[in-house]
Amino acid sequence: MSRTPSQVHLNAALYFPYFDYLRLFLACVVMLGHDRVIDWGPSGNLAVQIFFALSGWLIGGILMNQSIADLPRFYFNRAIRIWVPYLIALTLLVAASLMRDPIDTKWWEFIFYKLTFVYNIFGPPQLALHLKDMPLDGSTNHFWSVNAEEQFYLVAPLLLVVFARYGGRSRLFWSILSIFAVLYNIYPAIVLGVAAAVFRIHHPDNVNSALCRRTAAAIAALLFAALLGSIISYDITAPLFSIALVIALSATGDRLAYGELISGISYPLYLNHWIGVFVANFAMAPVGLRDSPARQAVAIVLNLSLAAFLYWRFERPLLLRRDSLYSPARATASLCIGYGLVLVGLIAGCFVYKGW
Amino acid sequence: MGIMRLLHSPLAPLILISFGFLALYLPSYIELARTTWQDSDEMHGPIVLIVAAWSLFQLRHELIQSHVAKPVWWGWAALALGLVFFIVGKLLSITVMHVGSQVIVLGALALIIGGFKTLRLMLFPLVFLIFMVPLPGNLIDSITGSLKEVVSVFAEQLLYWAGYPIARSGVTLTVGQYQLLVADACSGLKSMFSLSAVGMLYIYLIQHKSSGRNILLAASLLPIAFVANIIRVIVLILVTYHFGDEAGQGFVHDFAGMVLFILAVLMLVSFDAFLGLVFKRFLK
């Protein structure tokens with residue numbers, strides 16, 4: 001069986017086929033939530049929380065098996081997988097915004113945050129005051145989650161690999177970290193995802209068992225009902241539900257039908273789903289269909305088509321060539337660029353941002 | 001590292017599921033404690049909950065052993081149904097729905113984790129939890145009226161046979177110079193519900209091996225509660241007739257409720273003893 005791009009970047013020994021479908025489902029929930037097809041307020045954020053838990057689980061699992069010498073390769077893989085689609089999306093955003101928005105210092109500020117992967121820290125707090133100053137009126141505010149994930153890719157290796165000897169891989173450490181993350185709402189879904197991965201590595205028979213998945217599925221159902229009934233704090237329930245769902249779907253096996261395409265288009269769909277809405281609005285508003293279900297349907301078709309095109313045309317070839325593109329120098333460069341961008345973004349943001 | 005060891009023990013799935021269950025139902029219990037359980041007729045609610053939780057805890061070792069390799073798909077269907085009941089009940093503030101859903105949800109979880117064997121193991125706490133569900137208002141209204149009528153008829157007939165000067169018009173009884181109204185509370189409906197709960201607990205604790213004896217005991221619960229309530233009403237009529245209106249409506253009126261409870265339990269125990277003799281002599 002030939003290895004497909006996503007299989008290469010995952011741990012080849014463990015493949016989770018249901019995650020392919022989960023990713024596309026989550027990207028669709030975000031798209032439909034933003035276009036008000038799904039009218040349940042927390043739907044988009046909940047989908048992002050599940051994305052976070054998924055990342056924590058997968059990346060945590062990968063890093064638990066790596067040494068410091070493997071890290072440049074890890075960063076290189078992340079760069080190819082995350083940066084390229086992100087830069088394409090950012091380019092499309094800037095191009096569309098240049099045609100439509102007035103360019104002022106605030107506009108540059110938001111583009112800068114997105115370029116340096118720190119928008120999640122400095123962008124969303126300014127939504128209320130500066131929505132109109134943001135590129136395309138904040139239509140790509142959802143980039144915050146990609147920025148948060150990028151920061152996770154920089155911090156997680158430090159904890160799980162560099163400080164592995166000093167408790168970075170211990171269950172106790174990740175359990176305590178999980179409690180703090182949930183209580184103080186500091187990206188709890190990611191932390192819970194890593195904690196679950198740490199437990200999986202330490203106790204593969206328990207966490208990989210069918211009973212564990214069944215238990216997790218039942219807990220996910222209970223917590224989802226709690227979320228729908230708005231019974232207990234969303235901030236606590238959502239990450240717990242997310243990790244329960246991820247564990248429930250963590251059965252290993254071979255890739256299922258259309259898994260590669262389905263998984264592949266989820267990321268560009270997540271990034272670029274504003275484009276279909278803009279195009280459909282532009283085309284259908286003059287005939288009075290701007291707020292119609294027909295416009296929403298056209299936007300969905302456009303978004304899925306664009307995502308499939310971007311994946312097949314740009315990302316897939318790159319992922320297939322990732323091994324041949326790799327060199328230690330490029331890997332080190334991607335590592336330095338990753339840390340450098342976030343560091344510059346953080347320092348500049350601290351000076352520019354006035355909302356502390 | 002005690003928590004770590006617990007998480008790796010076979011108990012872990014049960015503990016985690018319990019947390020999920022509590023996340024869903026704890027707010028409902030808090031709501032009940034602030035509202036429904038304040039009512040003297042619903043004070044059995046927390047006791048039912050504690051007893052059900054205690055009996056589940058007692059079953060923990062059997063529950064651990066009863067994991068099934070393949071899931072029972074009925075369990076997932078039941079879980080979906082229970083959660084729909086819960087959400088609709090919660091969103092529309094229908095207490096009977098969201099509190100009642102816990103029986104379905106708990107049964108579904110038993111099926112999912114351990115299959116029908118676990119469901120059978122958990123039968124008592126599941127059935128017992130039904131007594132925690134507050135009766136819906138319209139059901140109470142529809143039963144109370146006819147139950148009051150029946151209680152009045154029995155009380156009138158029995159006292160008439162005993163030679164007391166008693167007459168009845170609907171649910172109003174005239175005895176001597178006094179006129180007494182059989183009120184809603186005197187219908188005994190809620191006490192029937194409470195007594196049935198106590199009776200079920202008795203049957204569970206006694207644990208007779210004969211299922212026939214258990215079934216007969218369970219079947220006797222409602223008649224016993226009914227008879228006990230008629231005795232209570234008769235006692236109150238007699239107190240009023242012999243000692244005056246104030247005596248009948250004062251402390252004795254409230255005290256009679258407690259007497260009713262004790263009386264019903266005594267009747268149940270006596271009936272059980274009688275069944276014991278019958279089963280020993282004839283059904284060896």
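1. How many salt bridges are there between chain B and chain A? The count is zero. A salt bridge here is a side-chain nitrogen of Lys or Arg within 4 Å of a carboxyl oxygen of Asp or Glu.

2. A note on the basis. This is a predicted model, where local features need pLDDT of at least 70, side-chain atom pairs count only at pLDDT 80 or more, and totals for chains, interfaces and linings use all residues. Residues are numbered from 1 along each chain as its sequence is written, chains are lettered from A in the order in which they are written, and side-chain values use heavy atoms, with hydrogens and water left out.

3. The interface joins 28 residues of chain B to 21 residues of chain A by contact (heavy atoms within 4.5 Å). About 2000 Å² is buried between the two chains. That figure is the accessible area (1.4 Å probe) lost on putting the parts together, summed over both. Carbon and sulfur atoms give 81% of the buried area.

4. Two residue pairs make polar contacts across this interface, both at pLDDT 80 or more. A polar contact is a pair of N or O atoms within 3.5 Å; within protein, one must be able to donate a hydrogen and the other to accept it, and residues adjacent in sequence count only if both atoms are side-chain atoms.

5. Which elements of chain B give two or more residues to the side that touches chain A? They are α1 (2-8), α2 (12-34), α5 (73-91) and α6 (95-121). Helices are DSSP runs (H or I, at least four residues), as are strands (E, at least two), numbered from the N terminus. The largest share, eight residues, comes from α2(B).

6. Chain B also holds an open sheet of three strands, ordered β1-β2-β3, with antiparallel pairing. Two strands pair if DSSP finds at least two bridges between them. β1 (166-169) and β3 (178-181) of chain B stand at the edges with a single partner strand each, so one side of each has no neighbour in the sheet.

7. β1(B) and β2(B) form a hairpin with two residues between them. In the turn, G170(B) has a positive phi of about 65°. Four bridges link β1(B) to β2 (residues 172-175) of chain B. R168(B) has L173(B) as its bridge partner in β2(B).
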